[in-house]
Amino acid sequence: MSTGRLQDRITVITGAASGIGRATAIRFAEEGAHVVIADLPSQSAGAQATTERIQALGRRAEVVAIDVTQEAQVREMAEAAVAAFGRIDILVAAAGIEQDPSSRERPPILDLPTSSWQRLLDVNLTGVMYCNRAVAQHMVDNHIRGSIINIASGAARRVRPGMVTYSVTKAGVWMLTRGLASELAPYGIRVNAIGPGTIETPMTHRLYGSAEDVANRGQTLPLGRAGQPIDIANTALFLASDESSFYTGSILHPDGGSLLTATL
């Protein structure tokens, strides 16, 4: 049941066509937000499905096709959100990749093509920075005491073989979050991060082989299950709402206890 925790707040969510981004967009709409759904042009079907769910809740949704690695497109995303809704109150930077989506290979750093290293940095770190900067500039210019939420990972704190680049990018997101939190605090803008553990999404299905493999992996966690996108969406809702008004520069880990163990 909605409590209107985000009533009429304008939210931009990247990666909103599927997975964590989609769950967050729908959850925010349930709490009264209007949402800008930003994702790759190739994800138009998913973006449309998210839009229809939001509209069915009586909230407005606008789709913006965007590649977060392109700074000009990110600026245009922010401008489109302002043109449609007049302002931006919340950003959730959820767009990200784990590896080359065409391959399940995760070579050690000694064998990793430089192009693969650069691609993950471009999407997972530089893309988050572009989004943070574009939205924060709008908030500063318009005296909006907003909330920026970056999706990092438990891998920001722990690394394992074959995941070095991913961990570097997510640790970078965590440090970016802390740095921006410090710089934007005088403007009343809060910047926080979420570090999920094993969550059942299309990305983890590709990574581990199947939905069943992800579920089996979840059974090894202290809480005995893999997470669902709604688990992350609810965490993001807390960080977006006034209930977290004294949080900035923090990272929350909805991970089923994975950081208590050797499993991520």
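In which helix do E71 and R75 both lie, and how many residues apart are they? Both belong to helix α3 (residues 71-85), where four residues, about one turn of the helix, separate them; helices here are DSSP runs of H or I of at least four residues, strands are runs of E of at least two, and both are numbered from the N terminus. The structure is a predicted model, in which local features need pLDDT of at least 70 and side-chain atom pairs count only at pLDDT 80 or more, whereas totals for chains, interfaces and linings use all residues. Residues are numbered from 1 along each chain as its sequence is written, and side-chain values use heavy atoms, with hydrogens and water left out.

The side chains of E71 and R75 form a salt bridge, with an N to O distance of 3.7 Å, the term denoting a side-chain nitrogen of Lys or Arg within 4 Å of a carboxyl oxygen of Asp or Glu. E71 is partly exposed at 29% relative accessibility, and R75 is likewise assigned as partly exposed, at 42%; buried means under 20% relative accessible area, exposed over 50%, and partly exposed in between, for a 1.4 Å probe and protein chains only.

In the whole structure, the search finds 10 salt bridges. One of them joins D242 to R9, with the closest N and O atoms 2.9 Å apart. Because D242 lies in the loop between α8 (229-240) and β7 (251-252) and R9 in the segment before β1 (10-14), this pair ties together parts that are 233 residues apart in sequence. D242 itself is exposed, at 54% relative accessibility. A salt bridge also links R87 and D89 (3.0 Å, N to O); R87 is partly exposed, with a relative accessible area of 32%, while D89 is buried, at 14%.

The strands form an open sheet of seven, in the order β3-β2-β1-β4-β5-β6-β7, with parallel pairing, two strands being taken as paired if DSSP finds at least two bridges between them. At the edges stand β3 (61-65) and β7, each with a single partner strand, so one side of each is left without a neighbour in the sheet. Helix α8 packs on this sheet and touches β4 (90-93), β5 (147-151), β6 (190-194) and β7, contact meaning heavy atoms within 4.5 Å. The direction of α8 makes about 165° with that of β6, where axes are lines fitted to C-alpha atoms, for helices over the stretch in contact, and angles run from 0 to 180 degrees between N-to-C directions. Strand β1 pairs with β2 (residues 34-39) in the parallel sense over five bridges, and A38 in β2 is the bridge partner of T14.
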